[in-house]
Amino acid sequence: MNVNPVLLKEIKVRMRSWKVVCLIIAYLSVLALVALFLMFSIQRQMYYSNMDPSMTVSVYTTLAVMQFMLIVFIAPSLTSGTISGERERQTLDLLLCTKMPSRSIIIGKLFSSISQVILLVVASFPVFSIVFMFGGISALEVFKLFLFYIVVSITMGSIGIFFSTYIKKTTASNVMTYGFVLFLLFGTLFINVFYTSFLIRGTPYNKVFPLSYINPLTGFVSLLSDQFGGYGMAGSILPGVYIPLPRTSIQRNTGLDVIPLWQINLAANLILSSVLIFLSTIKINPIKRRRFKKIKK
């Protein structure tokens, strides 16, 4: 089995450091403390009254939001300086002179950078398993959440490595990366709220602006809404970014169910990541860049 040389080298260098171990211990400790605090609150509530299923939802939602914020704001910083850093250290030409294709360089840099984030996500599964004690959340739902995390981390990392490839300075690459991420999270959300509130107001069911399909925040809220069996919670937070439960006339006639928005978001993020990786591969290789310019002409 052939392993990407860049990925293998980067992982060996990163995992030898005690910083990775300390980071995992610190992160899991914070998650565990938050989970224990919420469990203590639930036990006090159970002492005075009956068990409310919404308490399990609160624990699960809190941990899920913490994980999501970690991925969205840390993953881009890990990749936004990968290629530009090699260029500043004048080692990029050495990589390009090897027999590795440019695709392997980009993919190796991408997955070696986000490997720490994926490791934190996987290592936090035992903390999430605490919610199984109270019921209301199944292992399949947690698996869906973790799958969504991995896809979002790849998307955030692809955005960072794209700007790192096209911008020579690491500082400028970081600024452009986080600017694009903020627009993707909140800019598209603002456009969607404006679209649903003013342009299609009065329709029998909510619609979603097409640009919102690539918004990870929209997909995250849609996933939580789908897992909790309704759009009450998600709809109160982000109006218009979910597909409602009532069946439309088209569904009644065809018998087809609505595709959950988070599944569409997963597919859209995978396509976006593939496009960004492809463009980064073209940019990093001078020969492919010339061929691509000739094709466009």
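User: Take a salt bridge as a side-chain nitrogen of Lys or Arg within 4 Å of a carboxyl oxygen of Asp or Glu. How many salt bridges does a search of the whole structure find?

Analyst: This is a predicted model, in which local features need pLDDT of at least 70, side-chain atom pairs count only at pLDDT 80 or more, and totals for chains, interfaces and linings use all residues. Residues are numbered from 1 along each chain as its sequence is written, and side-chain values use heavy atoms, with hydrogens and water left out. Glu86, Arg89 and Lys109 are linked in a network of salt bridges. The number found in the whole structure is two.

User: Is Arg89, which meets Glu86 in a salt bridge, buried or exposed?

Analyst: The N to O distance between the side chains of Arg89 and Glu86 is 3.4 Å. Buried means under 20% relative accessible area, exposed over 50% and partly exposed in between, with a 1.4 Å probe and protein chains only. Glu86 is at 8% and therefore buried. Arg89 is at 54%, so Arg89 is exposed.

User: Which residue forms a salt bridge with Glu86 whose closest N and O atoms are 2.6 Å apart?

Analyst: Glu86 and its partner in this salt bridge are both buried. Helices here are DSSP runs (H or I, at least four residues), numbered from the N terminus. Glu86 lies in helix 4 and the partner in helix 6, so the pair ties together parts 23 residues apart in sequence. The partner is Lys109.

User: At what angle do helix 6 and helix 8 pack?

Analyst: Axes are lines fitted to C-alpha atoms over the stretch in contact, and angles run from 0 to 180 degrees between N-to-C directions. Contact means heavy atoms within 4.5 Å, and residues that meet here include Ile114 and Val117 in helix 6 and Phe146 and Ile161 in helix 8. The axes of helix 6 (residues 102-123) and helix 8 (residues 139-166) are 9 Å apart. The angle is about 145°.

Terms used:
Helices (H or I, at least four residues) and strands (E, at least two) are DSSP runs, numbered from the N terminus.
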